[in-house]
Amino acid sequence: LKDDDISPQQETAIVQQGVYDGGNSSNKVGKLRKMVLIQEGKPNYVDCAMCELDGNVDTEVEIVDVGVPKGIVHWDPRDTSLIGTPVVKSGRTTATTRGAVTDLNATVRINYGGKYANFYEQYLMTDMSEGGDSGSLVLRDSDKNAMALLFAGSDTVTVACPIEHVLKPLGISLYMGGEDKVYNIDFLLVKEGGNPGEWTVTGWVRDNQTNDPLNATVKLDDATTNTDGDGLFQFNNISVGAHKIVCESSGYITQEKDITIG
């Protein structure tokens, strides 16, 4: 990862439309600001870079045919409920297409013009892209929460980096419009010894950008509790089976999560 701003001597112009589509230096819209270096023979987790736009460039924050992202889907390789999630993207080549998540924690080998790089912790999705769609934001179709950044694919599969893998190394946040914010909800299930069928459900609620704990009201079926000063919550004596958790916090988007115990 190159953390520092790129020096003027290294400045790389960003053009729109791209050179592949006939663009040239007269189409310059900005400069390369940061990038994550792809390393052959070493683990890679993301293929991304950031452009700093020139001051005279008009932009739209909405994604064509999709709109503004509403939040972020927390990447968790243990959360098998994400398998099959319907997703949508708007890209340069295939415009708006839809697909579904098929893998949460894939390892893939990508060919970069005869040089190969291994990527870990990747989403796989059904075929929903072609060459030139790289850089498209992939969103959960149901609520338009951002999931991943599309960067590779084939005739049968699309590969995308979890969005958190992109934002953290670049030191940026995702514009989500308005005053609404989004939080992450994580869970740990702990079976209580001596009481078969009775479980404790614990978790924590955090701001998805700052990772700060939040004061929130959490409902599990008909039970309600509040998070403590560390953003933690707990439900006791929960039975085996399917349950729904609803989490609410002032100024944040209400979120729901289905869990199955046992």
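This section describes the cysteines and the aromatic ring pairs of a predicted model. Local features were taken at pLDDT of at least 70 and side-chain atom pairs at pLDDT 80 or more, whereas totals for chains, interfaces and linings use all residues. Residues are numbered from 1 along each chain as its sequence is written, and side-chain values use heavy atoms, with hydrogens and water left out.

A search of the whole structure returned 0 disulfides, a disulfide being a pair of cysteine sulfur atoms within 2.5 Å. For Cys 161, the closest cysteine sulfur belongs to Cys 48 and lies 6.8 Å away, too far for a bond. Cys 161 is buried at a relative accessible area of 0% (buried, under 20%; exposed, over 50%; partly exposed, in between; 1.4 Å probe, protein chains only). Cys 247 is likewise buried, at 0%.

Rings of Phe, Tyr and Trp (its six-membered ring) were paired if their centres lie within 6.5 Å, with planes under 30 degrees apart counted as stacked, over 60 as edge-to-face and the rest as tilted. The count by this rule is 4 aromatic pairs. Tyr 45 and Tyr 120 form a tilted pair, because their ring centres are 6.1 Å apart and their planes meet at 45 degrees. Tyr 45 lies in the loop between strand 3 (43–44) and strand 4 (49–53), and Tyr 120 in strand 8 (residues 115–126), so the pair ties together parts 75 residues apart in sequence. Strands are DSSP runs (E, at least two residues) numbered from the N terminus. Both tyrosines are partly exposed, Tyr 45 at 38% and Tyr 120 at 30%.

Phe 233 and Phe 235 form an edge-to-face pair, with 6.1 Å between centres and 65 degrees between planes. Phe 233 is buried at 3%, as is Phe 235 at 4%. Ring pairs also link Tyr 112, Phe 119 and Phe 151 into a cluster.

Definitions and conventions: Helices (H or I, at least four residues) and strands (E, at least two) are DSSP runs, numbered from the N terminus.
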